[in-house]
Amino acid sequence: MAMRKAWWVWLGLCLSACALADADPVVLTVSGKIGRFTDAKRGIYQFRDSDLAKLRQLSFRTATSWTPMVTFSGPLVKDILAKADAKGSMVRVLAINYYRYDIAVSELNSRNVVLARRIDNKPFDVAHYGPLWLMYPLPEMPDAEKGPPLDAKLVWQVEALEVM
């Protein structure tokens, strides 16, 4: 009987440890031409949501082609690239659904582009654009730059950035 109880205690501890390990999963991987790594063997810098939360957060209200007026908030992409010591001139934004879009680093650095982690102060989930959504500060954008070409850059379900 004592052996059976010990087994159940051990199983409970294992399941608790697994739950805690997944409480802050990796949500973004940066690869390519970078100079800092969290996994040098694989040549990548991985960010957990808590890592992204430690970076300066920017928030702005806007409506998109897919949402009503909401508040997007998250770290600036240029700060993420700086943390990984990005050395390339282009960034390929990769989404879970295999969508990808290439953007010049100079454009990401000259605009307040965020990798939104929150919408109206709630985390994104994968079923609703998450875990991350590349969002331009649409209220600041000139009207001539808005429309379908800009919408194509608003990549949701972002999981990786590849610096080229």
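User: Why does Arg 61 count as partly exposed?

Analyst: This is a predicted model, and the label comes from a computed value. Arg 61 has a relative accessibility of 46%; since buried means under 20% and exposed means over 50%, Arg 61 falls in between and therefore counts as partly exposed.

User: What makes Arg 61 and Asp 120 a salt bridge?

Analyst: The closest N and O atoms of Arg 61 and Asp 120 are 3.9 Å apart, and the cut-off asks for a side-chain nitrogen of Lys or Arg within 4 Å of a carboxyl oxygen of Asp or Glu, so the pair qualifies. The two residues belong to distant parts of the chain, with Arg 61 in strand S3 and Asp 120 in the loop between strand S8 (118-119) and strand S9 (122-123), 59 residues apart. Asp 120, at 36% relative accessibility, counts as partly exposed.

User: How do you know that Lys 153 is buried, and which residue does its side chain meet in a salt bridge?

Analyst: Lys 153 has a relative accessible area of 17%, and because the limit for buried is under 20%, Lys 153 is buried. Its side chain meets that of Glu 107 in a salt bridge at 2.7 Å, N to O. Glu 107 sits in helix H4 (residues 105-110), whereas Lys 153 sits in the loop between helix H5 (148-151) and S11, 46 residues apart. Glu 107 has 22% relative accessibility and counts as partly exposed.

User: What makes the rings of Tyr 129 and Trp 133 a stacked pair?

Analyst: Their centres are 4.4 Å apart, where a pair needs centres within 6.5 Å, and their planes stand at 25 degrees, where stacked requires under 30 degrees; the pair is therefore stacked. Trp 133, at 0% relative accessibility, counts as buried, whereas Tyr 129, at 22%, counts as partly exposed. Both rings belong to one aromatic cluster, formed together with Trp 66, Phe 72, Phe 124 and Trp 156.

User: Why do strands S2 and S6 stand at the edges of their sheet?

Analyst: The open sheet has five strands in the order S2-S1-S11-S5-S6, with mixed pairing. Strand S2 (45-48) and strand S6 (100-104) each have a single partner strand, so one side of each is left without a neighbour in the sheet.

User: How do you know that strands S1 and S11 pair, and in which sense?

Analyst: Strand S1 (residues 26-32) and strand S11 (residues 158-163) share four bridges, and because at least two are needed, they count as paired, in the parallel sense. Within this pairing, Thr 29 stands opposite Ala 160 in S11.

Key: Residues are numbered from 1 along each chain as its sequence is written. This is a predicted model: local features need pLDDT of at least 70, side-chain atom pairs count only at pLDDT 80 or more; totals for chains, interfaces and linings use all residues. Side-chain values use heavy atoms; hydrogens and water are left out. Rings of Phe, Tyr and Trp (its six-membered ring) pair if their centres lie within 6.5 Å; planes under 30 degrees apart count as stacked, over 60 as edge-to-face and the rest as tilted. Buried means under 20% relative accessible area, exposed over 50%, partly exposed in between (1.4 Å probe, protein chains only).
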